[in-house]
Amino acid sequence: MTTESIITAATRRRRSASVNGALISLILPVVILVAWWFASANSVSPFFPPLQRILQTFVDAWLSTRVASDILPSLARLVIGFAIAVVAGVGLGALLGRLRIIAVALNPILQFFRALPATALIPVAVVLFGIGDVPKIALIAFVSSFPILLNTIDGVRNIDPVIEDVGRSFRLTKLQRLHWIQLHAASPQVISGMRVALSLAFVVMVSSEMLGATNGMGYVTLLAQQGFQIPLMWSGLLLLGLLGLFVNGIFVLVERKLLRWYTQNQED
Amino acid sequence: MLTVENLQKTYTSGGKSLEVLRDVSFTVKEGEFVTVVGPSGAGKTTLLRCMAGLLPPTAGTVTLTNSGKVVTSPPKEIACVFQDYSRSLMPWYKVSRNVGLPLDNIIKDKNERRQAVEQALQSVGLDGFGDSYPWQLSGGMQQRVAIARALAYRPEFLIMDEPFASVDAQTRADLEDLILRVRQTAGVTVVLVTHDIDEAVYLADRVVVVSSRPTVVMDVIDVDLPRPRSQVTTKGMPRFGELRTQVATLIMRASAEAAAAQGQTQL
């Protein structure tokens, strides 16, 4: 009973701390928005329109037909590309993590592709796959698979030999050991690779739409700049920032759930 | 019966070789409780890993005498409890899954499997904890989960590598008595490695005393203390004191010889 009350007290303290933290972290964005609102209220500069107009454009331009024509196609490409990267990166990484020699042999190539700036590959993707969804999805998948792949190789390679002994001594099959032990044990590293990959995927999503695209958030934002629709351009940035936060937030929630055993272990 | 015969293990890496086991032979009879005790730094874990089929010896054999099977990979007759519960349990699975995992290949029926898990947890006094995660339990409880996992596997031999080394003294005594109790009911043969002389004598039918590296068997001592053992009565017996002195003398000699040998190589 005492332990229980200690736990609840600790949880309560942690929960109220996180509420406080959320409030504190909201102060600055609110201050900036308010300052921006009043500072730009009477602005006549074509480059810095009043925030009110940007928000108005945001609602009119983005939250209507563009949801279906631009926002959802962009996000679909992001999700599909990222999903391919996860499957390919984890699958190949688990394999290479076991085959040390091949991983060592492949390392320079992997490092080369990882170091290559993602945006430099956009023209290549257009040449190879033309315009449309395929080159963008392929590029998102390709670029974001590297952090996942490299982290998975590392994670699988650094599994505690004791837990491997457990799997072997209870005569689990190779596949069972991979599924029940190795992938779980490597998951903290795999997931941190996925986090890096997700922000890369987001960058590639936007930038690939700025070249050889006919729709998407990046496309509209660039078009707005070229067509001198400055409020639309600013509202596009606002949208991308908010969506980035949202996608990252979902990822953090999933991460917390998947790695509860790990973070709890670390705290002890 | 389990026979360890002229077991040798030398690790070689980068042109250097380290002789860990020089010549280890002993037998474990059916239903027996054998403890292996030696100074710290003796190749006890290496010995157990060879016995469990997790590590190929350089020379010598481990044989399951009933079937005549020579151990070259982990046999189904042997289950292990490892030293550090925080590394041998899977924190990503609940307790019941940890215990039931090895049974997936043995018991096909799901209900039967669940019953086996519950029974194993009950036998170590953890009924009702199946839905907890290992990291929600105390150290002693976690090691009991590891013991339950090994018992649920229904092995003929239970091999334990310093299983109580990372818990406090009171918990240690409780776990010692627990293992004496369950091996009675489960009818399992136990080989337990420890560096604690009291523990070795208290638990065993026979104590195998091994030397420092390179390890040889110094002596095998029969423990003629009555069963059931008790932390208070057994440890208060004059015979217990004699036996522990006998083992301690051997181990002190082993340590002294090791130190002398080391001094010689340094000169």
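1. A residue is called buried at under 20% relative accessible area, exposed at over 50%, and partly exposed in between. A:Leu92 sits in helix H3 of chain A. Please keep in mind, as you look around, that this is a predicted model.

2. A:Leu92 also belongs to a nonpolar surface patch of about 780 Å², together with A:Leu95, A:Leu99, A:Ile102, A:Leu106, A:Ile109, A:Phe112, A:Phe113 and A:Phe142. Helix H3 (65-98) and helix H4 (100-115) of chain A are the elements that give two or more residues to this patch. Which of them gives the largest share? That is H4(A), with five residues.

3. The structure holds one cavity of 30 Å³ or more, and the space in the largest cavity comes to about 30 Å³. Its lining is made by A:Ile122, A:Ala125, A:Val126, A:Pro135, A:Lys136, A:Leu139, A:Ser208 and A:Leu211. Helix H5 (122-129) and helix H6 (133-157) of chain A each contribute at least two of the lining residues. By class, six of the lining residues are nonpolar, one is polar and one is charged.

4. On to the charged pairs: there are 25 salt bridges over all chains. One of them joins the side chains of A:Arg66 and A:Asp70, at 3.6 Å from N to O. These two residues are about one helical turn apart, because they lie four residues from each other in helix H3 of chain A.

5. Chain B has a salt bridge between B:Arg227 and B:Asp205, with the closest N and O atoms 2.8 Å apart. B:Arg227 is in the loop between strand S10 (215-222) and helix H8 (233-236), and B:Asp205 is in the loop between helix H7 (197-203) and strand S9 (206-210), so the pair ties together parts of chain B that are 22 residues apart in sequence. B:Arg227 is partly exposed, at 30% relative accessibility.

6. B:Arg239 and B:Asp224 form a further salt bridge, their closest N and O atoms being 2.8 Å apart. This pair links distant parts of the chain, 15 residues apart: B:Arg239 is in helix H9 of chain B, and B:Asp224 is in the loop between S10 and H8. B:Arg239 counts as partly exposed at 29% relative accessibility.

7. Lastly, a network of salt bridges links B:Arg172, B:Glu176, B:Asp196, B:Glu199 and B:Lys235.

Methods. Residues are numbered from 1 along each chain as its sequence is written. Chains are lettered from A and ligands numbered from 1 in the order in which they are written. This is a predicted model: local features need pLDDT of at least 70, side-chain atom pairs count only at pLDDT 80 or more; totals for chains, interfaces and linings use all residues. Side-chain values use heavy atoms; hydrogens and water are left out. Patches are made of residues with over 30% relative accessible area and no salt bridge: like charges are joined within 9 Å, nonpolar side chains (Val, Leu, Ile, Met, Phe, Trp, Tyr) within 5 Å. Accessible areas come from the Shrake-Rupley method with a 1.4 Å probe; for residues, only the protein chains shown count as cover. A salt bridge is a side-chain nitrogen of Lys or Arg within 4 Å of a carboxyl oxygen of Asp or Glu. On a 1 Å grid over the protein atoms alone, a cavity is a set of points where a 1.4 Å probe fits but cannot get out, and a pocket is an open set with protein on both sides within 12 Å along at least five of seven lines; lining residues have an atom within 4 Å of a point. Grid points are joined across faces, edges and corners, and a volume is the space filled by probe spheres set on the points. Ala, Val, Leu, Ile, Met, Phe, Trp, Tyr, Cys and Pro count as nonpolar, Asp, Glu, Lys and Arg as charged, and the others, Gly among them, as polar. Buried means under 20% relative accessible area, exposed over 50%, partly exposed in between (1.4 Å probe, protein chains only).
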